[in-house]
Amino acid sequence: MRKINTRAFSRATRSTAREVNRQIVLNLVREHQPISRAELARRMEVARGIVTPLVKELLAEGLIYEGETGIASLGRKPRLLHLRSRDRLAVAVDIRLSGTHLMLSDFGGAGIVRERFRTPLCPDELLSELAGRIGALLAEHTAAGACEGVGLVVPGMVERCSGRVLNAPTLGWRDVSLRAELTAALGLPVYVERDAVACALAQLWSGQNGAETSDDFVYVTVSDGVGTGLVVNGEVARGQGNTAGEFGHLPLNLEGPPCACGACGCWEAYTSNLATLARYFGAGLSAGEVRAVLRESGFTVTDLIRRLRAGDAAARAALQETGHYLGVGLAGIINALNPGRIILGGEVAAAWDVLRPAIDAGLQARTLTPSAAATPILPEPADGRARLRGAAALVVAPVFAAPRVG
């Protein structure tokens with residue numbers, strides 16, 4: 001249950017029920033399109049007279065449209081409703097140490113075009129590069145529709161109200177402003193969020209199984225760093241300062257390897273892409289030295305997995321050790337939060353067959369009950385777009401969000 005705050009609340013008005021029902025109609029159209037008004041009323045268990053004015057309002061606002069004529073055994077054939085998505089666009093930006101990825105997508109989540117460039121570590125240089133590339137991208141695709149915003153994800157903590165990056169250890173950033181500058185350069189709304197939170201939001205917005213998108217789960221993204229997004233009762237949990245979920249910086253060993261955050265022995269220092277590649281290239285290299293080598297060579301975990309598939313024993317050993325430490329950390333998350341499931345994203349998910357036995361062993365050894373050990377761990381499809389989907393969701397998901405009351 002959710003307690004009503006008697007010092008800071010929003011009073012329900014006569015329009016509250018209408019706002020809630022309107023959003024229900026919009027989401028039903030999105031999930032079940034093409035759909036008739038009669039089917040909407042049936043699913044909502046209300047009279048069609050309640051649905052009709054809501055549909056009319058959504059049509060007038062251009063959020064949905066009428067398509068083909070449906071089939072009816074009796075009476076007039078219904079006009080089927082669709083979500084208007086193809087000519088409404090969002091730009092998704094995924095900033096990483098290893099490279100920055102851009103994607104232009106429609107409001108249905110379909111990618112139109114993608115590109116990648118080397119990430120300048122100076123924020124001003126990166127902003128200039130982004131503004132130029134996004135501007136050119138939109139100019140090339142004016143026929144596709146109008147862009148309604150830019151979603152930008154970063155591997156670090158973000159102050160939500162200002163869009164400032166408070167701390168992004170893998171990039172070496174502290175207190176970096178991105179949103180205001182990019183908004184001024186592009187003339188578009190810009191949304192900035194921590195990568196794992198955005199990925200969790202994308203699962204809520206466009207999860208693979210609609211029946212599983214509104215429970216309690218944790219999204220773990222493993223890339224240059226390790227981040228987690230927490231969803232409780234169908235809502236992203238952000239914490240008092242919007243920094244909830246920094247499990248990547250919980251220590252596994254106080255005397256362990258140095259982490260980009262400045263501490264030693266963090267979970268991230270054992271499981272990030274940099275940690276996996278450091279094991280592969282040799283334990284004598286520090287994370288900083290590996291980072292420099294990788295920026296020069298362009299070698300990635302995806303390349304490592306190709307070597308694994310070609311029979312490289314050292315690649316297999318490096319990934320198995322990553323799986324072991326992932327299992328240890330995931331057991332801690334399960335013991336602390338008891339989520340309904342954990343979704344694992346990032347390049348390493350493509351080696352799920354190698355990671356899974358080691359992860360399962362870690363869960364069996366470290367969780368406190370048999371049911372905790374049986375918590376489903378699901379790999380994200382290894383298409384390289386999870387964080388871009390999360391960035392796009394920053395623009396799109398608010399359109400479908402439930403009204404907040406009380």
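A residue is called buried when its relative accessible area is under 20%, exposed when the area is over 50%, and partly exposed in between, using a 1.4 Å probe and protein chains only. The structure is a predicted model, in which local features need pLDDT of at least 70 and side-chain atom pairs count only at pLDDT 80 or more, while totals for chains, interfaces and linings use all residues. Residues are numbered from 1 along each chain as its sequence is written, and side-chain values use heavy atoms, with hydrogens and water left out.

Begin with the strands. Helices (H or I, at least four residues) and strands (E, at least two) are DSSP runs, numbered from the N terminus.

Next come the partners of β3. Two strands pair if DSSP finds at least two bridges between them. Strand β4 (residues 99-106) runs antiparallel to β3 and is joined to it by 8 bridges. Ala 92 stands opposite Met 103 of β4. These two strands, β3 and β4, form a hairpin with 2 residues between them. β3 also pairs with β6, in the parallel sense, over 6 bridges, and Asp 94 has Val 153 in β6 as its bridge partner.

Strand β6 (residues 146-154) in turn pairs with β10 in the parallel sense over 5 bridges. Gly 151 stands opposite Tyr 191 in β10. Strand β10 (residues 190-194) is mostly covered, with 4 of its 5 residues buried.

A cavity is a set of points, on a 1 Å grid over the protein atoms alone, where a 1.4 Å probe fits but cannot get out; lining residues have an atom within 4 Å of a point. The whole structure has 1 cavity of 30 Å³ or more. The largest cavity holds about 40 Å³ of space. Its lining consists of Glu 193, Arg 194, Val 197, Ala 237, Arg 238, Asn 242, Thr 243 and Ala 244.

The last topic is the aromatic rings. Rings of Phe, Tyr and Trp (its six-membered ring) pair if their centres lie within 6.5 Å; planes under 30 degrees apart count as stacked, over 60 as edge-to-face and the rest as tilted. There are 4 aromatic pairs by this rule. One of them joins Tyr 280 and Phe 281 edge-to-face, at 5.4 Å centre to centre and 75° between the planes. Tyr 280 counts as buried because its relative accessible area is 16%, whereas Phe 281 counts as partly exposed because its value is 36%. Phe 281 also pairs edge-to-face with Phe 299, at 5.3 Å centre to centre and 70° between the planes. This pair links distant parts of the chain, 18 residues apart: Phe 281 is in helix α8 (residues 273-281), and Phe 299 is in the loop between α9 (287-297) and α10 (301-309). Phe 299 is buried because its relative accessibility is 13%.

Note on methods:
1 Å grid on protein atoms, 1.4 Å probe; cavity = no way out; pocket = protein on both sides within 12 Å on 5 of 7 lines; lining within 4 Å. Points joined across faces, edges and corners; volume = space filled by probe spheres on them.
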